[in-house]
Number of protein chains: 2
Amino acid sequence: VIFDLLLIGFGHVARRFVRLLDERADRLAADEGMTLRIVGIGTRRHGCIRAADAGAVDSGAALSAVESGRSLETVPGIVPAADALALLRDVAAQGDAARDGRLIVVETTVLDIARGRPAIDHVQAALGSGAHVVTANKGPAAFAYDALQAAAVRAGRRFRFEGAVMDGIPVFNLVRETMPLVAVEGFRGVVNSTTNYILTAMEGGREFADALAEMQAAGIAEADASLDVDGWDAAAKAAALANVLMGAGITPHDVARTGIGGLSRAAVQAAASSGRRIRLIASAARRADGLDVRVAPETLPETDLLASLAGGENALALRTDLLGELVLVQRDSGLTQTAYALLSDVVGVGRELTN
Amino acid sequence: VIFDLLLIGFGHVARRFVRLLDERADRLAADEGMTLRIVGIGTRRHGCIRAADAGAVDSGAALSAVESGRSLETVPGIVPAADALALLRDVAAQGDAARDGRLIVVETTVLDIARGRPAIDHVQAALGSGAHVVTANKGPAAFAYDALQAAAVRAGRRFRFEGAVMDGIPVFNLVRETMPLVAVEGFRGVVNSTTNYILTAMEGGREFADALAEMQAAGIAEADASLDVDGWDAAAKAAALANVLMGAGITPHDVARTGIGGLSRAAVQAAASSGRRIRLIASAARRADGLDVRVAPETLPETDLLASLAGGENALALRTDLLGELVLVQRDSGLTQTAYALLSDVVGVGRELTN
């Protein structure tokens, strides 16, 4: 079966995804019976294009255009569009892919984490025009999961976002696909890498500001790291987890949030020298008066699995009714892991439709 | 959709499974659109029965018969069969369930772990008669995975065995359902609880024989614990993992196996007092000359996640090409977890057929 992919966002993650598709094309065909072709690419700064004559975009040409700073409109055999939403309309209107459920929008735009935009608009528009949606953004699940999932069900399409938490390590797909009838009663995890790098470096003797600058110089933390440091990224992930796994119906603004900006080197080192570790913990638990979802630094005994995580390692413990507690640990992170999250969701959508 | 279940084996796990079906019947219907009914039960010591007139067995009556030491033939409305294989033939021949792919054999017999019998025979016969198979036994996947999986594909039926490793924590289903196109390059894990209990107790100062006797008195270790102590159980799990996830095509006899019987309290405590832990590790790795699959005690730094596991905790680290290393930790184990492994596989089979 041939699936048409429309990429909205064409940054590092999307470009690694395109190369991953190419690297795994043979196994996609052999193992999954799927052929994936890119029919359009929408960006904010490099233009929006779709293939002429309902064909496929020359993805190699698109990669080199953007990576050498040229507009996507220099790619041969394309038709330009005014913006991402216009592109989506044009692609959905041509051929049978949208009508037949063979059009998948792959959404990887830069996220305004305080509002979840523009990813939410893209997801909504895509579902409305008959496309499935796979996104690496946490905004849609963190801010609007119930509405978007309901829209997907109405449209008979899929809404997937495995990359929102712990990159490509299965979390949402794990629960949905392999833990039927299990109720998630709570979770605890380390889900933000930048703050974990900073805390690890502070244990090694660096001051907060130096540790942060080091992470920024190494490209691990953003130039504006406040969303990480203030706990916004972890709060968005906690909201996404609580919405999807526990039916919370919240936004990141409903998460009780304390960042790590108030931690001194002295405090971090005092904990470490008494056999404890400070980690930024995202958690949720059911209380008599509702769900308690929070992000805050916690002082943990060093025997705690979450305390043992260094640098970019993430982990998530799920408390469940039938299985007790299980923990997922991500040891390695990087562009390939995030790009794989998109690929695993695309294949998941394809499997459901070709089964 | 109504699925017919034929239970082969009706011990603690199967009986907990039957009660779990009852507890979750409403959610099975609402969330999965599945109705599960038990049409037959085969045991070695309590008889083999199927419901008369292609109906369902009164499972409450079957539970109380066996739990009060009576034969299943005392259950009203049943027809007896000579043995499990005859029962399977009778059930497959009646009605349309086998023909329509709505018959699932749930296999939980006592396993001869050195040969994988009789579970392998039951799986083979069930697939041959048009039933899907869900088993909690590791024998079939450890001794005959390739042949049984090929038989399942030929028959257009499913062969599932999530309970073979880490009870109901998704391992096989995790990789198959949520990690498409990922290659598993190796694994390391603590997968046998009895030996981990014994090692934990020895760290606390007990001699090997006392620790073993304690575990046996608590019902954690079998009266004949040699299969655990000598590493056979872990070797069977390692073989199952290597066969399914890495295409090894081996049996437990091909696993390089060292048990914990040779460990003295002095050795275990010496490791602990120098900040290390001895754990029985099952592992596999690709070498230039093929797969190296082994079970052996290893001395680990106490910061190693596998070293931190106490008592009945299990964990499995998977090394993969696209995701790097991920680790699954099982904190809680018990009858419900093992029974849930069966339930999750039954639902998984049902989902594939009703999708």
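Leaving aside neighbours within four places in sequence, B:Arg160 is in contact (heavy atoms within 4.5 Å) with B:Val133, B:Val134, B:Thr135, B:Asn173, B:Arg176, B:Glu177, B:Asp345, B:Val349 and B:Glu352. The model is predicted: local features need pLDDT of at least 70, side-chain atom pairs count only at pLDDT 80 or more, and totals for chains, interfaces and linings use all residues. Residues are numbered from 1 along each chain as its sequence is written, chains are lettered from A and ligands numbered from 1 in the order in which they are written, and side-chain values use heavy atoms, with hydrogens and water left out.

B:Arg160 lies in strand β7 (residues 159-160) of chain B. Helices (H or I, at least four residues) and strands (E, at least two) are DSSP runs, numbered from the N terminus. With a relative accessible area of 7%, B:Arg160 is buried; buried means under 20%, exposed over 50% and partly exposed in between (1.4 Å probe, protein chains only). Its side chain makes a polar contact with the side chain of B:Glu352 at 2.6 Å. A polar contact is a pair of N or O atoms within 3.5 Å; within protein, one must be able to donate a hydrogen and the other to accept it, and residues adjacent in sequence count only if both atoms are side-chain atoms.

**The interface**

Four salt bridges cross the interface, a salt bridge being a side-chain nitrogen of Lys or Arg within 4 Å of a carboxyl oxygen of Asp or Glu. A:Arg24 and B:Asp321 meet in a salt bridge through their side chains (2.8 Å, N to O).

**Strand pairing**

Two strands pair if DSSP finds at least two bridges between them.

| Strands | Bridges | Direction |
|---|---|---|
| β13(A) and β13(B) | five bridges | antiparallel |
| β9(A) and β11(A) | two bridges | parallel |
| β10(A) and β11(A) | 12 bridges | antiparallel |

In β13(B), B:Leu326 is the bridge partner of A:Gln330. Within chain A, A:Arg257 stands opposite A:Val295 in β11(A). A hairpin through two residues joins β10(A) to β11(A), and A:Arg287 has A:Gly290 in β11(A) as its bridge partner.
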